[in-house]
Amino acid sequence: MEVLKEACSEYGFFKIVNHGVPIGLIDRALEASATFFDLPDDEKWKFSALPGSYLPAGYSQHQPVYSLDKNETLSMFPPSSAFNVFPTNPPDLR
């Protein structure tokens with residue numbers, strides 16, 4: 001755990017290897033997320049958290065709209081969760 005803490009503190013991220021997730025699935029997920037984040041902001045905002053939701057599911061920006069450094073997220077929970085806000089574009093981003 002200390003190694004993860006150090007990686008996050010010093011570099012801001014870490015990479016997990018030998019996890020068993022097929023590389024094809026990873027590639028498809030990265031491609032689908034790139035397609036989503038390339039959409040115009042007004043389209044992405046359609047998939048923000050549901051009103052009154054206490055979980056941060058869906059799309060969000062953590063920087064002011066005028067900022068050039070956009071910190072965007074698309075948070076999803078297990079597929080059966082009632083809090084998910086799945087984008088319709090791309091349709092396979094689930």
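This is a predicted model: local features need pLDDT of at least 70, side-chain atom pairs count only at pLDDT 80 or more; totals for chains, interfaces and linings use all residues.
Residues are numbered from 1 along each chain as its sequence is written, and side-chain values use heavy atoms, with hydrogens and water left out.

The protein chain contains three helices and two strands, taken as DSSP runs numbered from the N terminus (helices: H or I, at least four residues; strands: E, at least two). Their order from the N terminus is α-α-α-β-β. The C-alpha trace spans about 40 × 30 × 25 Å along its principal axes. Of the 94 residues in the chain, 19% are buried; here buried denotes under 20% relative accessible area, exposed over 50%, and partly exposed the range in between (1.4 Å probe, protein chains only). The accessible surface amounts to about 7,200 Å², and carbon and sulfur atoms contribute 61% of this area, as computed by the Shrake-Rupley method with a 1.4 Å probe, only the protein chains shown counting as cover for residues. Among contacts (heavy atoms within 4.5 Å) with a separation of 6 or more, 35% are between residues 24 or more positions apart.

Five aromatic pairs were found in the whole structure. Rings of Phe, Tyr and Trp (its six-membered ring) were paired if their centres lie within 6.5 Å, with planes under 30 degrees apart classed as stacked, over 60 as edge-to-face and the rest as tilted. The ring centres of Phe-36 and Phe-37 are 5.2 Å apart and the planes stand at 80°, so this pair is edge-to-face. Phe-36 is buried, at 0% relative accessibility, whereas Phe-37 is partly exposed at 26%. Phe-36 also pairs edge-to-face with Tyr-59, the centres being 5.9 Å apart and the planes at 65°. This second pair links distant parts of the chain, since Phe-36 belongs to helix H2 (residues 23-37) and Tyr-59 to strand S1 (residues 58-61), 23 residues apart. Tyr-59 is buried, with a relative accessible area of 2%. Through ring pairs, Phe-36, Phe-37, Trp-45, Phe-47 and Tyr-59 are linked into a cluster.

Two backbone features were noted. A cis peptide bond, with omega of about -5°, joins Asn-89 and Pro-90; Pro-90 lies in the segment after strand S2 (72-75). Asn-18, a residue other than glycine, has a positive phi near 55°. Asn-18 is located in the loop between helix H1 (2-10) and H2 and is exposed, at 80% relative accessibility.

Three salt bridges are present, each defined by a side-chain nitrogen of Lys or Arg within 4 Å of a carboxyl oxygen of Asp or Glu. Lys-44 is bridged to Asp-41 at 3.3 Å, N to O; these residues are three apart in helix H3 (residues 41-45), and are therefore separated by about one helical turn. Lys-44 is buried, with a relative accessible area of 3%, while Asp-41 is partly exposed at 24%. Lys-44 also forms a salt bridge with Glu-72, with the closest N and O atoms 2.6 Å apart. Glu-72 is partly exposed, at 22% relative accessible area.
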